[in-house]
Amino acid sequence: MGYQSIEYGVEDHVATITLNRPEALNALTDDMLGELGDAVHHAGRDAAVRVLVLTGKGRGFCSGQDLRSLNAQPGERDIGRHLDQYYHPLILRLAALEKPTIAMVNGVAAGAGMSLALACDMRVAAEEARFTQAFVRVGLVPDSGSSHFLPRLIGYARALEMAMTGMIVDSHTALAWGLVNRVVPSEQLAEETYKLAQALAGGPPLALGMIKREIAYGASQPLAAALEREKDFQIRAAATADHREAVTAFFAKRPPVFEGR
Ligand code: LHQ
């Protein structure tokens, strides 16, 4: 699709976005952020895409905001505008995508690069993956959704320790803390990630979209409100052809084939 700083491809209903500035551990430039936002938008609109995988080329996943390009514009940088223009729409778009998203964390995820991984629904990490809320190490504070996602995933105390110290968390600690769904040797990273992606791509797309919204809502709402939301979505799910297909397939003792309707 003519991207310069990322790669985008779709295979077997799974779209993959690969951050492609390996020489800077895929640090995020304006161009890259623009392309990333466009690719996520595209994946959302493409009915052939049922799952999105986000990964990085080379030995890093993403080292966060490109500090060189920030440095190049001292005095005239408006971080608020920068966040409004690039990061916020991207993170909101990822979170609102009614399709499962998986961060395939091949290496270090730092600062806003870690936020990107957190904004995905699941994380599969290579043993070499590392996570750091690097913001504080450059005198900044968590942004791009880290303050929202991190305490929900690993709890207050660990989130605060990561955010306040900028400590580097290795993949096994990340797994123990619930920051990632699984850790695999790097040579198995793609295989394991796409196995999960294919399992999700074979699921009922409308229900998966609703599950994503339901869990996000339920995580922050009182029980009574969550019950109402579950009811609304269950009524919708029960009315889909995919639900009828699944029940028919169950009694026919065959795997269901879902069409997203
Ligand atoms: C980099 C970067 C990088 C440029 C490695 N930029 N080149 C902030 C402000 C405004 C608006 C929006 O949001 C934000 C949010 C943020 O993301 S703030 C946090 C920004 N990120 C960081 O502070 C992380 C900086 N990087 C590091 O601490 C280390 O590179 C980590 C821990 C990620 C990896 O360490 P190593 O594995 O030892 O690799 P390295 O440091 O040797 O880096 C390899 C190369 O990548 C190196 O370039 P060189 O030419 O010397 O080989 C680095 O300069 C470059 N690089 N991160 N963010």
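Leaving aside neighbours within four places in sequence, Thr 55 is in contact (heavy atoms within 4.5 Å) with Thr 16, Ile 17, Thr 18, Leu 19, Phe 61, Met 104 and Asn 106. The model is a predicted one, in which local features need pLDDT of at least 70 and side-chain atom pairs count only at pLDDT 80 or more, whereas totals for chains, interfaces and linings use all residues. Residues are numbered from 1 along each chain as its sequence is written, and side-chain values use heavy atoms, with hydrogens and water left out.

Thr 55 lies in strand β3, strands (E, at least two residues) and helices (H or I, at least four residues) being DSSP runs numbered from the N terminus. Because its relative accessibility is 5%, Thr 55 counts as buried, a class defined as under 20% relative accessible area with a 1.4 Å probe and protein chains only.

Strand β3 belongs to an open sheet of 6 strands with mixed pairing, in the order β1-β2-β3-β5-β7-β10; two strands pair if DSSP finds at least two bridges between them. The edge strands, each pairing on one side only, are β1 (6-11) and β10 (182-184). Strands β5 (residues 101-105) and β7 (residues 122-126) run parallel and are joined by 4 bridges, with Ile 102 standing opposite Met 122 in β7. Helix α8 (residues 189-201) packs on the sheet, touching β1, β2 (14-19), β3 (51-56), β5, β7 and β10, and its direction makes about 175° with that of β5, where axes are lines fitted to C-alpha atoms, for helices over the stretch in contact, and angles run from 0 to 180 degrees between N-to-C directions.

A search of the whole structure finds 0 disulfides, a disulfide being a pair of cysteine sulfur atoms within 2.5 Å. The sulfur of Cys 62 is 11 Å from the closest cysteine sulfur, in Cys 120, and is therefore too far for a bond. Cys 62 counts as buried at 0% relative accessibility, and Cys 120 counts as buried at 4%.

Note on methods. Buried means under 20% relative accessible area, exposed over 50%, partly exposed in between (1.4 Å probe, protein chains only).
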